Amino acid sequence: MKGKKYLLSLTFNAPKEAFDDQDQYLFQSKSVDDLFFPMHMNFRFFGMEAMQTFVCHDVMKNPDIENDLKRFDAHLNEHFQVTDYAI
(Lines give C-alpha, C1' and ligand atoms only; values in the text may rest on other atoms or scores of the structure.)
Protein backbone atom coordinates (compact mmCIF):
# COMPACT_ATOMS: atom_id res chain seq x y z
CA MET A 1 0.00 0.00 0.00
CA LYS A 2 3.07 2.25 -0.02
CA GLY A 3 2.42 5.45 -1.90
CA LYS A 4 -1.35 5.31 -1.28
CA LYS A 5 -3.13 8.03 0.65
CA TYR A 6 -6.09 7.84 3.02
CA LEU A 7 -8.58 10.36 4.35
CA LEU A 8 -10.61 10.14 7.55
CA SER A 9 -14.07 11.72 7.41
CA LEU A 10 -15.54 11.91 10.91
CA THR A 11 -18.63 13.16 12.70
CA PHE A 12 -18.85 14.11 16.37
CA ASN A 13 -21.68 15.25 18.57
CA ALA A 14 -19.05 17.24 20.49
CA PRO A 15 -18.56 20.86 19.46
CA LYS A 16 -15.29 21.91 17.84
CA GLU A 17 -14.33 23.77 21.03
CA ALA A 18 -14.18 20.46 22.94
CA PHE A 19 -10.93 19.55 21.15
CA ASP A 20 -7.44 21.03 21.51
CA ASP A 21 -8.40 22.68 24.81
CA GLN A 22 -6.61 21.77 28.02
CA ASP A 23 -9.58 22.95 30.08
CA GLN A 24 -11.93 20.40 28.51
CA TYR A 25 -12.37 17.39 30.77
CA LEU A 26 -13.33 14.67 28.28
CA PHE A 27 -10.74 15.02 25.52
CA GLN A 28 -8.04 16.59 27.76
CA SER A 29 -6.58 18.91 25.09
CA LYS A 30 -6.46 16.14 22.47
CA SER A 31 -7.15 16.85 18.82
CA VAL A 32 -9.37 14.71 16.62
CA ASP A 33 -6.26 13.19 15.03
CA ASP A 34 -4.82 12.46 18.48
CA LEU A 35 -7.95 10.47 19.29
CA PHE A 36 -7.61 8.52 16.05
CA PHE A 37 -3.87 7.93 16.46
CA PRO A 38 -4.30 4.11 16.56
CA MET A 39 -6.07 4.27 13.20
CA HIS A 40 -3.32 6.46 11.77
CA MET A 41 -0.73 3.95 13.07
CA ASN A 42 -2.50 1.12 11.24
CA PHE A 43 -2.44 3.00 7.95
CA ARG A 44 1.17 4.04 8.51
CA PHE A 45 2.12 0.40 9.14
CA PHE A 46 1.06 -0.34 5.56
CA GLY A 47 3.03 2.62 4.21
CA MET A 48 0.04 4.86 3.58
CA GLU A 49 0.14 8.64 3.88
CA ALA A 50 -2.49 10.67 5.75
CA MET A 51 -4.47 13.37 4.03
CA GLN A 52 -6.11 16.18 6.01
CA THR A 53 -8.89 14.79 8.21
CA PHE A 54 -12.41 16.11 7.54
CA VAL A 55 -14.60 16.62 10.62
CA CYS A 56 -18.20 17.62 11.26
CA HIS A 57 -18.84 18.76 14.83
CA ASP A 58 -21.95 19.06 16.98
CA VAL A 59 -24.02 17.05 14.50
CA MET A 60 -26.91 16.22 16.85
CA LYS A 61 -27.37 19.30 19.02
CA ASN A 62 -26.51 21.97 16.44
CA PRO A 63 -26.48 20.39 12.98
CA ASP A 64 -25.36 22.52 10.05
CA ILE A 65 -25.84 20.00 7.28
CA GLU A 66 -25.83 22.42 4.35
CA ASN A 67 -22.56 24.01 5.48
CA ASP A 68 -21.02 20.62 6.26
CA LEU A 69 -21.87 19.39 2.76
CA LYS A 70 -20.35 22.51 1.22
CA ARG A 71 -17.20 22.11 3.34
CA PHE A 72 -16.97 18.42 2.39
CA ASP A 73 -17.39 19.27 -1.28
CA ALA A 74 -14.59 21.84 -1.01
CA HIS A 75 -12.42 19.35 0.89
CA LEU A 76 -12.86 16.69 -1.81
CA ASN A 77 -12.16 19.19 -4.57
CA GLU A 78 -9.05 20.43 -2.78
CA HIS A 79 -7.60 16.96 -2.29
CA PHE A 80 -8.98 14.99 -5.23
CA GLN A 81 -9.80 17.58 -7.89
CA VAL A 82 -13.25 15.99 -8.17
CA THR A 83 -15.65 17.71 -10.55
CA ASP A 84 -17.95 14.92 -11.81
CA TYR A 85 -20.48 14.85 -8.98
CA ALA A 86 -23.03 17.10 -7.35
CA ILE A 87 -24.34 17.32 -3.81
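Helices (H or I, at least four residues) and strands (E, at least two) are taken as DSSP runs and numbered from the N terminus. The model is predicted: local features need pLDDT of at least 70, side-chain atom pairs count only at pLDDT 80 or more, and totals for chains, interfaces and linings use all residues. Residues are numbered from 1 along each chain as its sequence is written, and side-chain values use heavy atoms, with hydrogens and water left out.

**Exercise 1. The chain as a whole**

Task: State how many helices and strands the protein chain has, and describe the order of its elements.

Solution. 
Step 1. The protein chain holds three helices and four strands.
Step 2. Read from the N terminus, the order is β-β-α-α-β-β-α.
Step 3. Along the principal axes, the C-alpha atoms fill a box of roughly 40 × 35 × 15 Å.
Step 4. A contact requires heavy atoms within 4.5 Å. Of the contacts with a separation of 6 or more, 58% join residues 24 or more positions apart.

**Exercise 2. Surface and charge**

Solution. 
Step 1. Buried means under 20% relative accessible area, exposed over 50%, and partly exposed in between (1.4 Å probe, protein chains only).

**Exercise 3. Aromatic pairs and the nonpolar core**

Task: Count the aromatic pairs, classify the pair F19 and F27, and list the residues of the largest nonpolar core.

Solution. 
Step 1. Rings of Phe, Tyr and Trp (its six-membered ring) pair if their centres lie within 6.5 Å; planes under 30 degrees apart count as stacked, over 60 as edge-to-face and the rest as tilted. By this rule there are six aromatic pairs.
Step 2. The ring centres of F19 and F27 are 4.4 Å apart and the planes meet at 15 degrees, so this pair is stacked. F19 is buried because its relative accessibility is 6%, and F27 is buried at 16%.
Step 3. For F45 and F46, the centres are 5.1 Å apart and the planes stand at 90 degrees, so the pair is edge-to-face. F45 is exposed, with a relative accessibility of 68%.
Step 4. Ring pairs also join F12, F19, F27 and F36 into a cluster.
Step 5. A nonpolar core is a set of buried Ala, Val, Leu, Ile, Met, Phe, Trp, Tyr and Cys residues joined through side-chain atoms within 4.5 Å. The largest has 11 residues: Y6, L8, L10, F12, A14, A18, F19, F27, V32, M48 and V55.
Step 6. Leaving out residues up to four places away in sequence, Y6 touches H40, F43, M48, E49, A50 and M51.

**Exercise 4. Selected residues**

Solution. 
Step 1. D20 is not a glycine, yet its phi is positive, at about 60 degrees.
Step 2. D20 is exposed, with a relative accessible area of 57%. Beyond residues up to four places away in sequence, D20 touches S29, K30 and S31.
Step 3. Q28 is found in the loop between β2 and α1; although not a glycine, Q28 has a positive phi of about 45 degrees.
Step 4. Residues up to four places away in sequence aside, D68 touches F54 and C56.
Step 5. L35 belongs to helix α1 and is partly exposed, at a relative accessible area of 34%.
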